[in-house]
Amino acid sequence: MSYWEDPEAQATFDEADRTWAELWKALPKVVFSRTLTDVTGTNTRLATGTVADEIARLRAEPGDGEIAIGGAMLAAEAARHDLIDEYRAIVHPVLVGGGLPFFPQEARRVDLRLVEARTIVDTVVLLRYRVQR
């Protein structure tokens, strides 16, 4: 995601891209890595704890906001610890015949309630589900 902070990339941005880049830079970002020892980027830091530790730390910070998780393995770890309140899926179907489970939950059952379904373009749908507790 450092693309949004790259001056060379920014030279090609249209107004919508520039707006997104400014929003992106303002967001706090935590990078989980097994190999990196440092990270670059505005408001970006390397995780020092587990997924559960880092989510607790973010939730304890002042202000309102959401925590977005990128990556199937990271999301699966958060789900394993029941740390996800809402799932947002942007569905752009392509049949490939393999891959990671969409909502990996291992052996536990998680009930979801659909709170939004919106067509973005004729081939893409946004689905928002809240976890029922």
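Predicted model: local features only at pLDDT ≥ 70, side-chain atom pairs only at ≥ 80, totals over all residues.
1. Salt bridges overall. A search of the whole structure finds 13 salt bridges.

2. Arginine 59 and aspartate 85. These two residues form a salt bridge, and their closest N and O atoms are 3.3 Å apart. The pair links distant parts of the chain: arginine 59 belongs to helix α3 (residues 51-60), while aspartate 85 sits in the loop between α4 (72-80) and β3 (86-91), 26 residues apart. Arginine 59 is partly exposed, at 45% relative accessibility. Aspartate 85 also counts as partly exposed, with a relative accessible area of 41%.

3. Arginine 80 and glutamate 77. A salt bridge joins these side chains at 2.8 Å, N to O. Both residues lie in helix α4, and because they are three residues apart there, about one helical turn separates them. Arginine 80 has a relative accessible area of 40% and is partly exposed. For glutamate 77 the value is 25%, which again means partly exposed.

4. Glutamate 86 and arginine 130. The side chains of this pair meet in a salt bridge of 3.0 Å, N to O. Glutamate 86 is in strand β3 and arginine 130 is in strand β5 (residues 124-131), so the bridge ties together parts that are 44 residues apart in sequence. Buried or partly exposed: which describes glutamate 86? At 21% relative accessibility, glutamate 86 is partly exposed, because buried means under 20%. Arginine 130 is partly exposed as well, with a relative accessible area of 35%.

5. The network. Glutamate 86 and arginine 130 also belong to one network, joined by salt bridges that share partners. The members are Glu66, Glu86, Arg88, Glu116, Arg118, Arg128 and Arg130.

6. The buried side of α4. Which residues of α4 are buried? They are Ala76, Ala78 and Ala79. These residues cover an arc of only 160 degrees around the axis, and therefore lie on the same side of α4. The buried residues of α4 pack against α3 and β3. Glutamate 77 and arginine 80, from point 3, are in this helix too, but glutamate 77 is partly exposed and so is arginine 80.

7. After α4. Aspartate 82, just after the helix, takes a positive phi of about 55 degrees. Aspartate 85, the partner of arginine 59, is in the loop between α4 and β3.

Note on methods:
Residues numbered from 1 in each chain as written. Heavy atoms only, no water. Salt bridge = Lys/Arg side-chain N within 4 Å of Asp/Glu carboxyl O. Helix = DSSP H or I, 4+ residues; strand = E, 2+ residues; numbered from the N terminus. Buried < 20%, exposed > 50% of the residue type's maximum accessible area, 1.4 Å probe, protein only. Arc of directions from axis to C-beta. Contact = heavy atoms within 4.5 Å.
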